[in-house]
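Colleague: I would like to go through this model feature by feature. For each one, please give me the criterion and then the case.

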Amino acid sequence: MNASELWKRFQASLCQVPALDVSLDVSRMGFDDGFLERMQPAFEKAFAAMEELEKGAIANPDENRMVGHYWLRAPELAPSPELSAEIAATLDAIAAFAAQVHDGAVKPQRKPRFTRLLSIGIGGSALGPMFVADALGDPNADKLQPHFIDNTDPDGIARELERIGDRLDETLVVVMSKSGGTPETRNGMLVVAEAYREAGLDFARHATAVTGEGSKLDQAATREGWLARFPMWDWVGGRTSVTSAVGLVPGLLQGLDMKALLDGAAEMDRATRSRDAARNPAAMLALTWYLATDGRGAKDMVVLPYKDRLLLFSRYLQQLVMESLGKRLDLEGNRVDQGISVYGNKGSTDQHAYVQQLRDGVDNFFATFIRVLEDGGAGMEVEPGVTPGDYLHGFLLGTREALFANDRRSATITVARVDARTVGALIALFERAVGLYAILVGVNAYHQPGVEAGKKAAASVLEVQEKALAALSATPRTADQIAEALGDRDSAETVYLVLEHLAANGRAHITPGANPGLTTFQAV
């Protein structure tokens, strides 16, 4: 295809949302002229299913739940007046609480105001809020400086507490867990609460919860008199929760324009309800994914945002896309091993990392560029008539062209600027694309059995650790001998690995052997 033909194709296939200054270019995805027409019957079914989902149909059959993240930015669409009122009231309550924190009406134990925010959560309770905080934050304007703990790594928790330093007494903690028992979040909360106690502070007077009604966390927050509690509804999945209290509480406390984010998401929702696939950017994204991956995840999605503020977007999309689409079974119970792998960083950093392989290596991907028109920054010229932003834009277009010249497919999303409205639109765009693609390939996008399997396996490992530690004595024994003593010979490898970890932390004694099978362990 020559340049003239490509220019015509670009004009014909450009999908625009003028109300948001957002457009999607799929001209370099390699589809033929009849592809959209061939997919139309499948999309009619997908549009109908999505419409029923938004009306309150059970869209997560495994858990018998509605899927209602779209209602969060349009409460009037919720399936009952009571639910609409609850969503609106929650948003008002969060906004009122944030205002009270900012004006000092809600204040810490010792200081006149909170100046720091520490959000503790994992998965959707971290990736979305972290992305929003980084994309929209401004150290000179943020009302509370954000910090995040999103793992059970003791060193990581300690490092974040060190960053807060002597400002702990003016730090507001937000703990987020739907069940209230998520181990990583619970562990982070316990370590942080202990830090407050060691500083002579009452943790409850600095803590807020976002959790399910009646959960363990909800009960603890009520019993201990935390500053506030906000709901996590069972019809909102973690990976689609950033427009719920999960994103709104930390975002509003930071001082971000979360109303504009909700407005942007709602506007994109309106645009992506269109049944004209060619004019629906979410439908076109889903179609390009289906084309590029043969509808079975045959290629990876590389996300290339050419803007530092969108650095964390690919991490956010990893969960949204991979946890939603990565399914062993389809809705009929057939084994399909579906999914699309997602990775990315930011341009032009990626050009000095893995774009070499994208251009010349294995052709196992398709790229999604995100192009931002407004540069921001000072706009200084680094050469006559050329700014750093001109270089950045040139690198994007150059990389896009270099990939196409070697038959590598790409789509390009263009936005005017990175502001709250745009971020909301991007979130809603990919949420809808994931939902539509899941319908096309027949999988449940709203459950995560693999995650649950991992949690159960981890619990089993901790059970083995407890038994193995109790079995240690002054007599050196190998992992095989300890496993046999436990009555579970098949656990020898797990016994070895957990005791090796405990020994590294001074909780067991290890005598290395020529190989793991000859290594012995004793009680300390």
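Colleague: Is T520 buried or exposed?

Modeller: Buried means under 20% relative accessible area, exposed over 50%, and partly exposed in between, with a 1.4 Å probe and protein chains only. T520 has 16% relative accessibility and therefore counts as buried. Before we go on: this is a predicted model, in which local features need pLDDT of at least 70 and side-chain atom pairs count only at pLDDT 80 or more, while totals for chains, interfaces and linings use all residues. Residues are numbered from 1 along each chain as its sequence is written, and side-chain values use heavy atoms, with hydrogens and water left out.

Colleague: Where is T520, and what is in contact with T520 beyond its neighbours within four places in sequence?

Modeller: Helices (H or I, at least four residues) and strands (E, at least two) are DSSP runs, numbered from the N terminus. T520 belongs to strand β16, residues 520–522. Contact means heavy atoms within 4.5 Å. With neighbours within four places in sequence left aside, T520 touches P476, R477 and T478, and also H509, I510 and T511.

Colleague: How many salt bridges are there, and by what rule?

Modeller: The rule asks for a side-chain nitrogen of Lys or Arg within 4 Å of a carboxyl oxygen of Asp or Glu. The count is 31 salt bridges.

Colleague: How far apart are the closest N and O atoms of E267 and R270, and where does the pair lie?

Modeller: The closest N and O atoms of E267 and R270 are 2.8 Å apart. Both residues are in helix α9 (residues 258–271), and because they are 3 residues apart there, about one helical turn separates them. R270 is partly exposed, at 48% relative accessibility.

Colleague: Which salt bridge links distant parts of the chain?

Modeller: D269 is in helix α9 and R432 in helix α14 (residues 420–441), 163 residues apart. Both D269 and R432 are buried. They also belong to a network of salt bridges, in which E54, R73, D269, R273, E431 and R432 are linked.

Colleague: What about E452 and K455?

Modeller: Their side chains form a salt bridge at 3.7 Å, N to O. Both residues are in helix α15 (residues 449–471), 3 residues apart, or about one turn of the helix. E452 is partly exposed at 36% relative accessibility, and K455 is partly exposed with a relative accessible area of 43%.

Colleague: How do α10 and α14 pack?

Modeller: Axes are lines fitted to C-alpha atoms, for helices over the stretch in contact, and angles run from 0 to 180 degrees between N-to-C directions. Helix α10 (residues 281–293) packs against α14 at an angle of about 50°, with the axes 8 Å apart. Angles under 35 degrees count as roughly parallel, over 145 as roughly antiparallel, 65 to 115 as roughly perpendicular and the rest as oblique. The two helices are therefore oblique to each other. Among the residues that meet are W289 and Y290 in α10, and F430 and R432 in α14. By class, this contact has 15 nonpolar, 1 polar and 1 charged residues; Ala, Val, Leu, Ile, Met, Phe, Trp, Tyr, Cys and Pro count as nonpolar, Asp, Glu, Lys and Arg as charged, and the others, Gly among them, as polar.

Colleague: At what angle do α15 and α17 pack?

Modeller: The angle between α15 and helix α17 (residues 492–504) is about 70°, and their axes are 9 Å apart. That makes the two helices roughly perpendicular. V461, V464, Q465, A468 and L469 in α15 meet T494, V495, V498, L499 and L502 in α17. The contact divides into 8 nonpolar, 2 polar and no charged residues.

Colleague: Which residues other than glycine have a positive phi, and which peptide bond is cis?

Modeller: Most residues other than glycine have a negative phi, and most peptide bonds are trans. N64 has a positive phi near 55°; N64 is in the loop between β3 (58–60) and β4 (65–66) and is exposed, at 57% relative accessibility. D337 also has a positive phi, of about 50°. D337 sits in the loop between α11 (313–325) and β11 and is partly exposed, at 44% relative accessibility. The peptide bond from G347 to S348 is cis, with omega near 5°. S348 is in the loop between β11 (342–344) and α12 (355–360).
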